[in-house]
Amino acid sequence: MENSLKAQIAGMKDWLVEIRRTIHMNPELMFEEVETARLVSTSLEKLGLEVKTGWAKTGVVGLLRGGQKGKTVAIRADMDALPLEEATQVPYASKIKGKMHACGHDAHVTILLGVAKFFSSIREQVKGNIKWIFQPAEEGGGGALVMVEEGVLENPKVDAIFGAHVYPEIQIGKVGINEREGLAATDRFIIKMIGKGGHGAYPHYSKDPILAAGHVITQIHSIVARDINPLDNAVVTIGKVNGGTAFNIIPDEVEILGTVRSLTPEVREKLKFRLEQVARGVASSFGMDYRCDFQYGYPALVNDPHMSRLVADACSKGIGKGNVAFLKPSMGGEDFAYYLEKVPGSFFRLGCRNEAKGIIHPFHSSLFDLDEDVLPFGVEMFVRIIDEYLELKLI
Ligand SMILES: [Zn+2]
Ligand SMILES: [Zn+2]
């Protein structure tokens, strides 16, 4: 089977490239993935899968019931693009102004369709069920949470789930895995220092929220350094400060906005607690009022170590141990975390960098592109993982 697997997947390449380019040229933003979803559902129906649309507005789920009874494994792709003007000169560049697939979700969709094509051709040999989850809105919309709440992990009940992200920091042909924590919780905060405005020449009649905000900014940066165990991971970044109108006016209030990243619930709660405490303490020391609004985002993405090991073993069989690396977690975020809160699984990275082809730009860059060899490569990795998990012994 080994050779025929490689040959069969290699034979799909043109089909995969065409799908990827079609999606790439027609990017759709979160919860608006109507045409992408139509392409997905039509393709799955053609392959003879059971298809249900309308999940989380635009999500699509495909199901293949194998010839024999067994476990149910799910794989997932995200479908949304970004509000960004594409600056590449490639012939398949975005045709939609101000929208671009700059995070590789077009490749994720394509790879999963390739996996569907592979298994639909050998349905009788499949022991168990394979579920394909195409979700909207990974880029901040939390489409995964909506899909989970709508029951995507039920009927049939999913026993394990796998997902991947193309990764421009890893060379094409290589896979990166996190054994446990892979990506961070992505929370936000808005702190408001509420003083009393007045003339800049008479500060004693005012309560200056700009000076207070300065102290908040300084103290916030001591949280990671002094309150978090040095062996844990955390980030607090202030990305925006709003306040003031003119050089000689003390404003009424100043707003400080930031993002908070953590890998464990304990650190997450500690950061929340300390942000509030700093805001309250500084406000009190200046005799002014404050607000601290902490907004929970995606939870940390935590893989099941057994499933991560399974991914490593399955991928190694195809590309050799030397091309599979265990990575440190990243402080970025991923809503795949919501699936992993419910069922064991693993989220891994597919290298898509190729310096020789000039494919070197990071995610969310207007110049982002990927080596399209990642399409058949991704199909092969998923096929191997599913084969390993369902114990199909096809390979
Ligand atoms: Zn992204
Ligand atoms: Zn992404």
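How do helix 3 and helix 4 lie to each other, roughly parallel or roughly antiparallel?

Reply: This is a predicted model, in which local features need pLDDT of at least 70 and side-chain atom pairs count only at pLDDT 80 or more, while totals for chains, interfaces and linings use all residues. Residues are numbered from 1 along each chain as written, chains are lettered from A and ligands numbered from 1 in written order, and side-chain values use heavy atoms, without hydrogens or water.

Helix 3 and helix 4 (residues 105-120) pack at about 10°, and their axes are 10 Å apart. The two helices are therefore roughly parallel to each other (angles under 35 degrees, on a scale from 0 to 180 degrees between N-to-C directions of axes fitted to C-alpha atoms). Helices are DSSP runs of at least four residues, and strands of at least two.

On the helix 3 side, Leu39, Val40, Ser43 and Leu44 meet Val109, Leu113 and Ala116 of helix 4; contact means heavy atoms within 4.5 Å. By class, six of the residues in this contact are nonpolar, one is polar and none is charged.

Helix 3 (residues 34-46) also lies across strand 1, strand 2 (59-65) and strand 4, and runs at about 15° to strand 2. These strands belong to an open sheet of eight strands, ordered 1-2-4-3-5-16-6-15, with mixed pairing. Strand 1 (50-55) and strand 15 (324-326) are the edge strands, each pairing on one side only. From one strand to the next, the twist averages 25°.

Within the sheet, strand 4 (residues 127-135) pairs with strand 3 (residues 68-78) in the parallel sense, over eight bridges; at least two bridges are needed for a pair. Lys131 in strand 4 is the bridge partner of Ala74. Helix 10 (residues 374-389) lies across several strands, including strand 3 and strand 4, and runs at about 155° to strand 16 (345-353).

The zinc ion (ligand 2) is coordinated by Cys103 (SG), His105 (NE2) and His165 (NE2), at 2.1 to 2.4 Å; donors are N, O and S atoms within 2.8 Å of the metal (3.2 Å for Na, K and Ca). The donor spacing along the chain is C-x1-H-x59-H. Cys103 coordinates the zinc ion (ligand 1) too, and the two zinc ions are 3.2 Å apart. Both Cys103 and His105 are buried, meaning under 20% relative accessible area with a 1.4 Å probe.

Terms used: Buried < 20%, exposed > 50% of the residue type's maximum accessible area, 1.4 Å probe, protein only. Parallel < 35°, antiparallel > 145°, perpendicular 65-115°, else oblique. Nonpolar A, V, L, I, M, F, W, Y, C, P; charged D, E, K, R; others polar.
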